[in-house]
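Thanks for coming, everyone. Please take a look at the structure on the screen, and I will walk you through it.

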Amino acid sequence: MNQQLAVERHLDLGLKDLWYPVVASWEVGNSPVGITRLGENIVLWRDAEGKVKALEDRCPHRGARLSLGWNLGDRVACWYHGVEVKGDGVVAEVPAVSACPMTGSKCLRSYPVIEKHGAIFLWFGLDPDAEPADLVLPEQLDSEEWSSFLCQADWAVNYRYAVDNVMDPMHGSYLHCTSHSMAEGDKSADMRARNTEHGFIFEKTGQSGVNFDWVEFGSSGAFWLRLSIPYRRQFGPGGEFWIVGFATPVDEHHTRVFFWRARKVSGWQRDVWRFLYRNHLEKLHWDVLEQDRVILEQLAPNARDHEFLYQHDVGLSRLRRLMKKTAEQQLAQLAARQEAESHG
């Protein structure tokens, strides 16, 4: 495989050395759950204390899916032959055989887990044995002054298109022109990018506080996107409505998007905002997400290979360059490690 194809393949399945949200917390209960993320099959379950464990979803004996088996607390048991594997990937017991050489061996990859804000995040390390980076999330999630709701959706499109969509503030004035929150704003604008602590903001000039007029890319242990949309008073307390988003690859053709919708509210205003959101605003916001899904899933085949970009696309072009450079660096690291192992 030539270098360019290798970089594209690496990008299509998702950059490594990052935290990704993979499921909502409510999706993992007592039974093991099988998922695919970044092209990797993973089993999730909760131990006796309720902490989430994550392993590659493959019994080391014959390759059966561990997600079809049983939750034994600190371990999961394969349905096929009962092989028991602990959360660190070490085989705890092979009940069908006494003194099996698999017992006590680390046979599977385990994934570091962080559960917060109603979602389960996994660390996809380039080196499975290296310590993960800290996960630092925007204040709209981590600060007690904010109240948020998580919504997620599965889209039949590569995650890079989902990221491009959010990095494009101009599409709001067209695709979402009938939206309650994006019905205003000019359909023409000059755009600019400016640096921030964790990344950069791409924004319309001269339209601050109108429509979907800016978006921020941030890298702080995870890649996230943040924006705010001005709200009229009748849509409740809290001022601007904020969105913090993630696009997690499932495989090269599917994505799970995560969007936290937040407002800075406390006390009785928090209760009003949460009631209003659940009973009125949530449906309107799902309508907007559905517009995004439809347009992205119906893009022309290999759309990125036939683009004619212009000034409104400076933000997504800048992010694409950053991601491509990161992919090239990660592939070089993998090649160097494989070379060292072959001589070790």
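Let me start with a definition. A polar contact is a pair of N or O atoms within 3.5 Å; within protein, one atom must be able to donate a hydrogen and the other to accept it, and residues adjacent in sequence count only if both atoms are side-chain atoms. This is a predicted model: local features need pLDDT of at least 70, side-chain atom pairs count only at pLDDT 80 or more, and totals for chains, interfaces and linings use all residues. Residues are numbered from 1 along each chain as its sequence is written, and side-chain values use heavy atoms, with hydrogens and water left out.

Two more terms. Helices (H or I, at least four residues) and strands (E, at least two) are DSSP runs, numbered from the N terminus. Buried means under 20% relative accessible area, exposed means over 50%, and partly exposed is in between, with a 1.4 Å probe and protein chains only.

Now helix α3, residues 159-166. What caps its N-terminal end? N158 does: a side-chain oxygen of N158 lies 2.9 Å from the backbone nitrogen of R160.

We come to salt bridges. A salt bridge here is a side-chain nitrogen of Lys or Arg within 4 Å of a carboxyl oxygen of Asp or Glu. In general, side chains of opposite charge can pair when their charged atoms come close. The whole structure holds 23 salt bridges.

One of them joins R320 and D164, at 2.7 Å from N to O. R320 lies in helix α5 (residues 314-342) and D164 in helix α3, so this pair ties together parts that are 156 residues apart in sequence. Both R320 and D164 are buried. R320 also forms a salt bridge with E307, again with the closest N and O atoms 2.7 Å apart. E307 sits in the loop between α4 (267-297) and α5, so here the linked parts are 13 residues apart in sequence. Is E307 buried or partly exposed? Partly exposed, at 34% relative accessibility. Salt bridges that share partners join D164, R304, E307 and R320 into one network.

Elsewhere, E84 forms a salt bridge with R75, the closest N and O atoms being 3.0 Å apart. E84 and R75 are both buried.

On to the strands. Two strands pair if DSSP finds at least two bridges between them. Strand β3, residues 40-46, has six of its seven residues buried, so it is largely enclosed by the rest of the structure. Five bridges join β2 (residues 33-37) to β3, antiparallel. V33 stands opposite L44. The hairpin of β2 and β3 has two residues between the strands, and L38 takes a positive phi near 55°.

Then β4, residues 52-56. Five bridges join β3 to β4, also running antiparallel. V43 stands opposite L55. This hairpin has five residues between the strands, and G50 in the turn has a positive phi of about 90°.

Next, an open sheet. Which order do its three strands take? It is β1-β10-β9, with antiparallel pairing. β1 (18-24) and β9 (113-116) stand at the edges with a single partner strand each, so one side of each is left without a neighbour in the sheet. β9 and β10 (residues 119-124) pair over four bridges. K116 stands opposite A119.

Last topic: rings. Rings of Phe, Tyr and Trp (its six-membered ring) pair if their centres lie within 6.5 Å; planes under 30 degrees apart count as stacked, over 60 as edge-to-face and the rest as tilted. The whole structure has 15 aromatic pairs. Take F121 and F246: their centres are 5.9 Å apart and their planes at 80°, so the pair is edge-to-face. F121 is in β10 and F246 in β16 (residues 241-251), 125 residues apart. F121 is buried at 0% relative accessible area. F246 is buried too, at 4%. F246 and W260 have their ring centres 5.6 Å apart and their planes at 80°, so that pair is also edge-to-face. W260 lies in β17 (residues 254-263), 14 residues from F246. Together, F121, F246, F258 and W260 form one aromatic cluster.
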